[in-house]
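Please look over this single chain before going to the details. The briefing covers its strands, one of its helices and its aromatic rings.

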Amino acid sequence: MLRIRFHGRGGQGMKTASRMLGSAFFIEGFEVQDAPRYGAERRGAPIFAYVRADTAPIHERGVIPYPDLALVADDTLVGVPAAGVLQGLDAHAVLALSTTEDADTWRARLNTDAQIVILPPFSAEDPAQRPYVGALLAGAAACLVGLKANSIIQAIAQELDGHGTDVIAANQQRAHAAYEAMAAHAALTHPRAEDSTPPDTHWVTLKHEDADTSAPTIHGAATSVQIKTGLWRTLRPVVDLEHCNRCNWVCGSFCPDGAISADKDGYPVIDLDHCKGCMICVAQCPPHAIHAVPEKEPEKGAAS
């Protein structure tokens, strides 16, 4: 199995690059898995996306701790621990950097055994080039893993379908140029022997629990018992027992705070200490048996 990581910053198109490369693998008959992983939800924050490709079904999930190929769109990320660029890079791995410095400089700086390849340069400061960073990296990656140039060109057309022929052609042109620029390193990346993959020490095995034990945790209230969030309420839900169908699983399931339970007869009971008064239960009640009343004017004779 080939494992590829794309590193960049939010807005540089790492997710798009992984999708383009994944589609190119798929076109050539591979089983493929591609996904992004976001950090902070803001433009410029470190982000990475990854691709797995194999000729057999892929059962592995999660992040890729030991990549065969890591591509970096912004060399300032290398020194950022949160970006995780150097994670798992050993003598087997290929590190492809977009940088103005040469491979020897980076090899000495990082003291790494990984094979370093310098990607075709592009200027992150040039607004005209920003939309094409993903295509550039995807094109370079396609060459480094030994895919055909036509596959990445076809994949870009699929991934950008609907964006117009000019946009597709511009991305294809950049990807093809990057592919050609990597010709000296074509098919440099190889999958690890399965028994050579270092053990991942970060996995945690959770003990199986019966549903009676784990389900209350999953469906537990989102509100701290210690915080009386009912004080925030301006409207109070009041249940009209004469019209209630006792389908408490409806209002109870929709309550975002888990503040609705059922009594021994199946009628809903609202925990007014923690009900914030969102009135979702009022909107969802099938027989319209829950009413909203001003907090200071509860209906007389109605249960809550």
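The points below go from the whole chain to single side chains.

This is a predicted model, in which local features need pLDDT of at least 70, side-chain atom pairs count only at pLDDT 80 or more, and totals for chains, interfaces and linings use all residues. Residues are numbered from 1 along each chain as its sequence is written, and side-chain values use heavy atoms, with hydrogens and water left out.

**Whole chain**

- The chain holds 8 helices and 10 strands. Both are DSSP runs, numbered from the N terminus: helices are H or I with at least four residues, strands are E with at least two.
- Of its 304 residues, 41% count as buried. Buried means under 20% relative accessible area, exposed means over 50%, and partly exposed lies in between (1.4 Å probe, protein chains only).
- Among contacts with a separation of 6 or more, 68% join residues 24 or more positions apart. A contact means heavy atoms within 4.5 Å.

- Strand 1 covers residues 2-9. Of its 8 residues, 7 are buried.
- Strand 1 runs antiparallel to strand 3 (residues 46-54), and 8 bridges join them. Two strands pair if DSSP finds at least two bridges between them.
- In that pairing, arginine 5 stands opposite tyrosine 50 of strand 3.
- Strand 1 also pairs with strand 4, in the parallel sense, over 4 bridges.
- Isoleucine 4 stands opposite leucine 69 in strand 4. Phenylalanine 6 has leucine 71 as its bridge partner there.
- Strand 4 (residues 69-72) points Leu69 and Leu71 one way and Ala70 and Val72 the other way. All four of these residues are buried.
- Strand 4 pairs with strand 5 (residues 94-97) as well, again parallel and over 4 bridges.
- Leucine 71 has alanine 96 as its bridge partner in strand 5.

**Helix 5 and what covers it**

- Helix 5 spans residues 165-181, which is 17 residues. From first C-alpha to last it reaches 24 Å, close to the 24 Å expected at 1.5 Å a residue. The expected span is 1.5 Å times one less than the number of residues.
- Its buried residues are Ile168, Ala170, Asn171, Gln172, Ala175, Ala178 and Tyr179.
- The cover over these buried residues includes helix 1 (14-27), helix 3 (133-144) and helix 4 (149-159).
- Glutamine 172 lies in helix 5. It counts as buried because its relative accessible area is 19%.
- What does glutamine 172 touch, not counting residues up to four places away in sequence? It touches Ile153, Ile156 and Ala157.
- A polar atom of the glutamine 172 side chain lies 2.9 Å from the backbone oxygen of isoleucine 153.
- Serine 151 is found in helix 4. It counts as buried because its relative accessible area is 5%.
- Serine 151 is in contact with Ala24, Ile27 and Glu28, leaving aside neighbours within four places in sequence.

**Aromatic pairs**

- A pair of aromatic rings is described by the distance of the centres and the angle of the planes.
- Rings of Phe, Tyr and Trp (its six-membered ring) pair if their centres lie within 6.5 Å; planes under 30 degrees apart count as stacked, over 60 as edge-to-face and the rest as tilted. By this rule there are 2 aromatic pairs.
- One joins phenylalanine 25 and phenylalanine 30, edge-to-face, at 5.1 Å centre to centre with 75 degrees between the planes.
- Phenylalanine 25 is buried, at 0% relative accessibility. Phenylalanine 30 is partly exposed, at 22%.
- Another joins phenylalanine 48 and tyrosine 50, tilted, at 6.4 Å centre to centre with 45 degrees between the planes.
- Phenylalanine 48 is buried at 14% relative accessibility, and tyrosine 50 is buried at 10%.

**Charges over rings**

- A charge sits over a ring if NZ of Lys or CZ of Arg is within 6 Å of the ring centre and within 35 degrees of the ring normal.
- Arginine 174 places its charged end over the ring of tyrosine 132, 3.9 Å from the ring centre.
- Arginine 246 lies over the face of tyrosine 267, 5.3 Å from the ring centre.

Technical notes:
A polar contact is a pair of N or O atoms within 3.5 Å; within protein, one must be able to donate a hydrogen and the other to accept it, and residues adjacent in sequence count only if both atoms are side-chain atoms.
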